[in-house]
Amino acid sequence: MHNFSSIAVIGAGQMGCGIAQSIAAAGIEVKLSDATPDLAQQGLARIHLRLLGQVEKHKLQPEEADHIVANITPVPSLESIHNCDLVIEAASEDLALKLELFRKLDQYAKPEALLASNTSSLSITTIAAATRRPQNVIGMHFFNPVPVMELVEVIRGLATSDITQTRILRLSEALGKKPVCSVDKAGFVVNRILLPMLNEACFLLDEGVASATDIDSAMQLGCAHPMGPLALADFIGLDTCLAIMEVLQKELGEVKYRPAPLLRRYVAAGWLGKKTGRGFFDYND
Ligand SMILES: NC(=O)c1ccc[n+]([C@@H]2O[C@H](COP(=O)([O-])OP(=O)(O)OC[C@H]3O[C@@H](n4cnc5c(N)ncnc54)[C@H](O)[C@@H]3O)[C@@H](O)[C@H]2O)c1
């Protein structure tokens, strides 16, 4: 048993909504928070819409969708998390933002609550040090789309206790996921391998080696990847991809991790991929 009866999810973007949905589907109460009350409400509305789409396709019973939605409560501020047993932070990939959030979470969460970050690359040890309970802080890295993807990387910071890790492993399994443990090193397992490949695809496109469509087709047909690297970067979010590459470059210090200039230009233009309707491909239709 994992013993979590109420879990807060901070950040109602693509990951936060997916995490909230998966937890609610496992029968656990979720409090969903974002930078403003409106954003939290919009997050729940997006989850509802996605579930209705599944009902229409006969992949989900209407009562199951209702049950999931009923388990999620958008909350207006962080103060509303005081009863939660676990807080999962899924706000933007920005260290300063996460440090500020963890200071506040430490202040508002009950002393025994665990605090997890869904960060893709940032140091759990550094994030934990912003709190007075580093033994209760851990990385819980889900994959997009969360309700579909089975993996959760569980990342121990230097001070994370055995019991914290055990409880998060049990919860991951109760959510129907397969957890893999990693030490706290930039990018953990998946993004350390995946992001340099996506970044290299951006270099290829910038150098005119092949078109975006052909780069993606080549990797799908030649390597049996279900998605091409540029479509996958769009799906992850180009801002998130850039932030992860910057962390890999800074933490691991090797030139092979330099972010592709084209990736920077797309982010500067606000072309962040699927979530903004335009990235390497157009999603406006
Ligand atoms: N996109 C992916 O495939 C993926 C996969 C695994 C992990 N992650 C990680 O998950 C986190 C979120 O990524 P995402 O793709 O959901 O990004 P996103 O841009 O879709 O969502 C980020 C959310 O954080 C919110 N936010 C910003 N400041 C906040 C604050 N002060 N308090 C509360 N909420 C705040 C934003 O309003 C937004 O709703 C990042 O750390 C990212 O690295 C992303």
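Mentor: A polar contact is a pair of N or O atoms within 3.5 Å; within protein, one must be able to donate a hydrogen and the other to accept it, and residues adjacent in sequence count only if both atoms are side-chain atoms. The model is predicted, so local features need pLDDT of at least 70 and side-chain atom pairs pLDDT 80 or more, while totals for chains, interfaces and linings use all residues. Numbering runs from 1 along each chain as its sequence is written, and side-chain values use heavy atoms, without hydrogens and water.

Trainee: How far from an oxygen atom of the ligand does a backbone N or O atom of Ser-92 lie?

Mentor: Ala-91 also places a backbone N or O atom by a ligand oxygen, at 3.2 Å. For the backbone of Ser-92, the distance to an oxygen atom of the ligand is 3.4 Å.

Trainee: Which residue places a polar side-chain atom 2.6 Å from an oxygen atom of the ligand?

Mentor: Around the ligand are 25 residues (a heavy atom within 4 Å). Those that come nearest are Asp-34, Glu-93, Lys-98, Ser-120 and Ile-236. The polar side-chain atom at 2.6 Å from a ligand oxygen belongs to Glu-93.

Trainee: What share of the ligand's exposed area does the protein bury?

Mentor: The ligand taken alone exposes 830 Å² (Shrake-Rupley method, 1.4 Å probe). Of that area, the protein buries 85%.

Trainee: How many Å separate the centres of domain 1 and domain 2?

Mentor: The domain assignment, automatic or from a database, gives domain 1 as 6-183 and domain 2 as 191-275. Taken over C-alpha atoms, the centres are separated by 26 Å.

Trainee: Which three residues supply 51% of the area that domain 1 buries against domain 2?

Mentor: The two domains bury about 720 Å² between them (accessible area lost on being put together, summed over both), 59% of it on carbon and sulfur atoms. On the side of domain 1, the 51% comes from Gln-14, Glu-93 and Ser-121.

Trainee: How many residue pairs are in polar contact across the interface of domain 1 and domain 2?

Mentor: Salt bridges (a side-chain nitrogen of Lys or Arg within 4 Å of a carboxyl oxygen of Asp or Glu) between the domains number 0. The residue pairs in polar contact, both at pLDDT 80 or more, number 2.

Definitions and conventions:
Buried area is the accessible area (1.4 Å probe) that two parts lose on being put together, summed over both.
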